[in-house]
Amino acid sequence: MATKVQPMTGAPAANATTLSNEEILRYSRHLIMPEVGMEGQLKLKNSKVLLIGTGGLGAPLGLYLAAAGVGRLGLVDFDVVDLTNLQRQVTFGSSDVGKPKTEAARERLSSLNPDIQIDTFETKLTSDNALELFKDFDIIVDGTDNFPTRYLVNDACILLGKPNVYGSIFRFEGQVTVFGMPEGPCYRCLYPEPPPPGLVPSCAEGGVLGVLPGIVGSLQAMETIKLILGRGDSLAGRLLLFDALAMKFRELKLRKNPNCPMCGEHRTINKLIDYYEFCGVRGEEAPDSNVQVPEITPRELKSRLDRGDDLFILDVREPHEFQICNLNGNLIPLGELPRRVHELDSSREIVAHCRSGKRSAEAVDFLRKAGFRKILNLKGGILAWSDEVDPSVPKY
Amino acid sequence: MGVKVIIPTPLRVYAGKRDSTEVKAATVGEALGRLTTEFGDLRKHLFTEEGKLRSFVNVYVNDEDIRYLAKENTPTKDGDTISIVPSIAGGSSLVRRCCSRPHA
């Protein structure tokens, strides 16, 4: 059966017009659905999808798109699998810890479906490589985890005229939509500007329930497959909100902003820009160095405690973090510090700490402004304490 | 019955951990005013120092973006739902990105 298949966008590839008998068996549950059928399965086989990020959202995306028979899957990630990933990044197994994510994902996805082509790009997506990476693909799927990359993916998709299947998550909540369709809105229509770094939730409020990226990434996979098949109503123009705690899906209208600098009638952004500058961060870790305060290293602290110095250990983490591990400190969460400052004795020497040293730096800064003079920040927090002094203290 | 305001996960910590609240208000501006009076910590997350709604926070009345209605003067009536929808970026490793040490 010779079905003519038009690639959705991009340069025409060598189009497959048939499936092998083995492929027919593999995809039989698709083939017997009239909404997919032989024609749809060949569209999938001839499609080229680029996944930005192979983490939480990328896991179900990679698995379902590979299983569905998307002919060419590109994977972009520069990260290495670590143990904290396995709670949600279900593409990876324990034996993958330490491997580049793109490599571990390639092994898993090719074992799932050896008939597809998997191209890995072990690199950070940047303004210098994005257009080159995107140009060979029909659909870009955004599974990244930071604002600069989200704006970069959006702008590159608009410049190249490619759909951007968007998903993002926070703790129990997810957002899904499709940007970059010819008449549809783009990410900048929804959010013209990113939040300033100071207003991005800190690690005290971070975390994500492992199933959530599974659900949101699966919704993105579904939207991707619908775009390839040209079936159903895409989420373009609609923002789907998912609240896993309430177990509610809601939908909001997403309009194309006629004055959008990227996709509006008078485009003012004609090339990729410096997205870290746009988002107000010099680099991913830049916010850590915002506050300069006096510090003490874990080893210095240990030797002073061993000497019997009178030090008040102030733990500014949250109670649920204290339960994971602690340094026998006195717990006053950063957010409660302003109203509980009277509990502290400014005549005693205080060492403040948190998990990584960032929140406690804010605490030290706050207390110094409140008149405390003998106060130090534990450099690197519990993570550094575990590395340098007491490995029996778990890192999280 | 008033206007229901749905508070998104990232902002619940500034709103007494509530996921929604109900206010009496004839406009969106009034509703957000009531909300930030009740929960003072929310103010800086919703408004700039000049009192303008922040551009990374979108507000909807029912399913419509107020930027395409009458912005903060958009009228509200009992039974309406106001949604506050901030941009979230998380995808895979939010915790690690925000406060971990630089990775290799």
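In what order do the five strands of the open sheet in chain B stand? Before I answer, let me say that what we have is a predicted model, in which local features need pLDDT of at least 70 and side-chain atom pairs count only at pLDDT 80 or more, while totals for chains, interfaces and linings use all residues. Residues are numbered from 1 along each chain as its sequence is written, and chains are lettered from A and ligands numbered from 1 in the order in which they are written.

The order in chain B is β2-β1-β5-β3-β4, and the pairing is mixed. Strands here are DSSP runs of E with at least two residues, helices are runs of H or I with at least four, and both are numbered from the N terminus; two strands pair if DSSP finds at least two bridges between them. Because β2 (20-23) and β4 (64-65) of chain B each have a single partner strand, they stand at the edges, and one side of each is left without a neighbour in the sheet. Inside the sheet, β3 (residues 57-61) and β5 (residues 81-86) of chain B are joined by five bridges in the antiparallel sense, and Val61(B) has Ile82(B) of β5(B) as its bridge partner.

Helix α2 (residues 28-38) of chain B lies across β1 (3-6), β2, β3 and β5 of chain B and runs at about 120° to β2(B); such angles, from 0 to 180 degrees, are between the N-to-C directions of lines fitted to C-alpha atoms, for helices over the stretch in contact. Chain B has four helices and five strands, and along the sequence they follow the pattern β-α-β-α-α-β-β-β-α. Of its 104 residues, 38% count as buried, where buried asks for 20 or more other C-beta atoms within 10 Å of a residue's own, exposed for 12 or fewer, and partly exposed lies in between, with C-beta atoms placed from the backbone.

Let me turn to chain A, which is divided into domain 1 (21-286) and domain 2 (291-388), with bounds that come from an automatic or database domain assignment. The C-alpha centres of these two domains of chain A lie 39 Å apart.

There is an open sheet of five strands in chain A too, in the order β9-β13-β12-β10-β11, and its pairing is parallel. Its edge strands, β9 (295-296) and β11 (330-331) of chain A, each pair on one side only. Strands β10 (residues 311-315) and β12 (residues 349-353) of chain A run parallel and are joined by five bridges, and the bridge partner of Leu314(A) in β12(A) is Ala352(A). Helix α14 (residues 358-369) of chain A packs on this sheet, touching β12 and β13 (375-378) of chain A, and its direction makes about 170° with that of β13(A).

Which residues have the most contacts inside the largest nonpolar core? They are Val49(A), Leu50(A), Leu51(A), Leu73(A), Ile140(A) and Val141(A), in a core of 69 residues; a nonpolar core is a set of buried Ala, Val, Leu, Ile, Met, Phe, Trp, Tyr and Cys residues joined through C-beta atoms within 7 Å. A second, separate core has 20 residues, among them Val316(A), Leu337(A), Ile382(A) and Ala384(A).

Helix α5 (residues 101-112) of chain A has 12 residues and reaches 16 Å from its first C-alpha to its last, close to the 16 Å expected, the expected span being 1.5 Å times one less than the number of residues. Its buried residues include Ala104(A), Ala105(A) and Leu109(A), and what covers the buried residues of α5(A) includes α4 (58-68), β2 (72-76) and β3 (117-121) of chain A. Just after α9(A), Gly230(A) takes a positive phi of about 70°.

I will finish with two loop residues. Leu272(A), in the loop between β8 (248-253) and α10 (275-278) of chain A, is partly exposed, because 17 other C-beta atoms lie within 10 Å. Leaving aside neighbours within four places in sequence, Leu272(A) is in contact (C-beta atoms, placed from the backbone, within 7 Å) with residues including Ser127(A), Leu131(A) and Leu152(A).

How values were computed. Contact = placed C-beta atoms within 7 Å.
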